[in-house]
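Please look over the structure below before reading on. The briefing that follows takes its features chain by chain.

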Amino acid sequence: MTKKTSFGGKLYTGLVFLFLYAPIAVLILFSFNSGKSTAVFEGFSLHWYEELFRDAATFTAFKNSLIIAVVSSIISTIMGTAAATAIFGYKNKLVKTSVMTVTNIPMMNPEIVTGIAMMLLFVFIGGLFGKTGTLGFATLTIAHVTFELPYVILNVLPKLKQTDAHLSEAAQDLGCTPFQAFYKVVLPAIMPGIISGLMMAFTLSIDDFIISYFVSGTSSQTLPIRIFSMTKRRVTPDMYALSTLIFLAILILLVVSNVISSRGDKKNTKKGGGK
Amino acid sequence: MKKKSSLMTHIAGSPYIIWAVLFIIVPLCMVAYYAFTDKSGNFTFDNMLSIGKYTDTIILSIWLGLLATVISLVVAYPLAMIMAAKGPEKQSRMTMLIMLPMWMNFLLRTYSWMTILEDNGLLTTGLNYIVDCLNTLPNVSLDPVHLINTRGAVVLGMVYNFLPYMILPIYTVMLKADRSLVEAAQDLGGNKLDVFRNVTIPLSVPGIVSGFTMVFVPSVSTFFISQKLGGTGTTLIGDIIETQFQTANNFNLGASLSFVLMILIFICLAVMNKFSDDDGGVVI
């Protein structure tokens with residue numbers, strides 16, 4: 001079935017990947033630059049990696065990013081999973097479609113609009129109480145939970161649809177309460193969707209710049225915001241060193257998860273065959 | 001039994017519904033509120049009327065966004081076809097390779113493009129070397145290449161950052177499409193071009209539509225790409241909104257611009273959805 005890709009096709013694929021990876025290659029190359037420039041390569045050195053580990057502000061920003069990503073992705077996963085089961089369970093068509101429409105808004109809206117909309121809300125509420133510094137960790141977390149929720153819901157919903165509804169009924173007939181039936185039967189079945197939703201929420205949170213930029217205060221810089229403030233002046237190669245390290249970490253994670261999931265697939269097909 | 005499960009459903013759903021009302025719907029109402037009031041909170045149309053000054057910016061944003069989206073589509077479509085024709089192992093590897101750059105911070109990737117396109121950057125230096133060589137030929141006199149701070153650089157930045165969002169939906173749709181339809185069309189005597197035009201493209205329209213919106217929306221509303229690659233000459237609507245909120249402190253004007261941007265994008269999405277509901281061939 002699989003066709004061999006023609007030479008032209010291979011060349012084309014290669015060119016597109018060259019385009020996608022060129023700036024990353026440049027970035028990695030200049031993280032080893034001995035000079036301060038990000039345009040002229042002067043010589044190999046690990047100087048900027050040392051510099052990176054001495055940079056306390058970047059470290060704090062990275063820590064903030066991690067804390068917000070962990071907290072917000074856990075909150076959005078729990079709330080989103082509950083919401084998905086509810087959306088799946090609603091008997092009223094109107095309720096169902098209106099909840100789904102609202103869920104789609106943060107994904108359809110430009111991020112800048114989502115960002116300023118939340119900023120306006122926080123500033124307005126702060127104004128009502130006569131406070132000025134409302135923007136900070138709490139507002140960042142609220143904003144992150146909000147834009148992660150649709151992704152969690154959209155990851156969990158398809159799994160719910162695939163799950164056999166009779167299983168939960170059977171569990172209840174056998175004496176489970178509805179909550180037990182959910183916990184013991186439905187939850188394990190939708191677990192893959194929950195986990196991919198959680199992972200997506202986490203990566204979206206770590207990577208988010210635009211929304212965070214509008215709802216963060218001075219005390220709650222995340223890594224992307226710190227990078228942004230550096231790009232206003234001149235980016236030093238220690239940022240490149242940091243992103244090289246992140247790139248390597250993600251590459252390793254992806255390869256590992258790819259190996260695991262391809263093994264899991266093989267197992268599943270075996271199980272399916274045994275039925 | 002049914003009543004009980006529906007009670008559970010309501011308990012499970014209510015936190016999200018409350019959250020969505022508070023942090024999705026109310027903020028959008030705040031945008032509308034700020035758009036139609038002045039600094040002291042009185043109702044006014046002034047902000048909306050002053051948007052007229054930015055008509056050129058809005059048109060430029062839409063134009064560059066459209067250009068980037070169309071280029072992304074042209075680049076992504078063949079790649080998606082190539083990918084969909086490969087074996088599953090290679091497919092998952094290529095999907096991974098396409099998604100990997102998206103995990104790098106987009107600010108740094110854009111910044112990296114800036115250094116490549118700069119006048120002493122890698123690409124410009126290379127191209128100017130070629131220009132110099134050509135200029136030694138008789139009757140040839142080319143100007144040195146200048147890439148940074150042009151509209152072309154901004155479009156390149158948009159295509160670069162959002163291309164994966166075009167490739168992946170088209171590829172996914174192609175993968176799901178029934179390949180026997182293509183074979184049937186070939187068996188019925190369609191030549192390659194006919195099959196491509198009448199079978200492959202219509203089948204992939206849902207992917208094109210979602211790719212189109214996923215590239216167009218962030219392109220139109222970007223502000224970082226235009227600041228870094230476009231310099232001062234290419235101000236987009238996103239730049240103006242950002243300035244109102246971060247430096248000029250004119251929330252009301254910023255809100256009204258956002259309001260207009262949001263309406264424009266929802267109109268575009270509605271039009272796109274209309275296309276995908278139709279037969280499909282209309283898009284081309």
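**Briefing on a predicted model**

Chain B contains 12 helices and zero strands. The model is predicted. Chain A has 11 helices, again with zero strands.

**Chain B: fold and extent**

- Along the principal axes, the C-alpha atoms of chain B fill a box of roughly 70 × 55 × 35 Å.

**Chain B: burial, contacts and surface**

- Buried residues account for 48% of the 284 residues in chain B.
- Take the contacts in chain B between residues at least 6 apart in sequence: 70% of them join residues at least 24 apart.
- Chain B carries 16 positive and 17 negative side chains. The centres of these two sets lie 12 Å apart.

**Chain A: fold and extent**

- Chain A reads α-α-α-α-α-α-α-α-α-α-α along its sequence.
- Its radius of gyration is 23 Å, whereas the globule rule gives 19 Å for 275 residues; the value is well over the rule, so chain A is more spread out than a compact globule.
- The box filled by the C-alpha atoms of chain A is roughly 75 × 65 × 35 Å, taken along the principal axes.

**Chain A: burial, contacts and surface**

- Of the 275 residues in chain A, 47% are buried.
- Among chain A contacts between residues at least 6 apart in sequence, 71% link residues at least 24 apart.
- Chain A exposes about 14100 Å², with 69% of it supplied by carbon and sulfur atoms.
- Chain A has 23 positive and 13 negative charges, and their mean positions are 8 Å apart.

**Chain A: a look at helix α5**

- Helix α5 of chain A covers residues 111-128, which is 18 residues.
- From first C-alpha to last, helix α5 of chain A reaches 26 Å, close to the 26 Å expected at 1.5 Å a residue.
- Which residues of α5(A) are buried? They are A:Ile112, A:Val113, A:Thr114, A:Gly115, A:Ile116, A:Ala117, A:Met118, A:Met119, A:Leu120, A:Leu121, A:Phe122 and A:Gly126.
- Just after α5(A) comes A:Gly130, with a positive phi of about 70 degrees.

How values were computed. Residues are numbered from 1 along each chain as its sequence is written. Chains are lettered from A and ligands numbered from 1 in the order in which they are written. This is a predicted model: local features need pLDDT of at least 70, side-chain atom pairs count only at pLDDT 80 or more; totals for chains, interfaces and linings use all residues. Side-chain values use heavy atoms; hydrogens and water are left out. Helices (H or I, at least four residues) and strands (E, at least two) are DSSP runs, numbered from the N terminus. The radius of gyration is taken over C-alpha atoms; the globule rule is 2.2 Å times the number of residues to the power 0.38. Buried means under 20% relative accessible area, exposed over 50%, partly exposed in between (1.4 Å probe, protein chains only). Contact means heavy atoms within 4.5 Å. Accessible areas come from the Shrake-Rupley method with a 1.4 Å probe; for residues, only the protein chains shown count as cover. Lys and Arg count as positive and Asp and Glu as negative; His and the chain ends are not counted. The place of a charge is taken as NZ of Lys, CZ of Arg, CG of Asp or CD of Glu. The expected span of a helix is 1.5 Å times one less than its number of residues.
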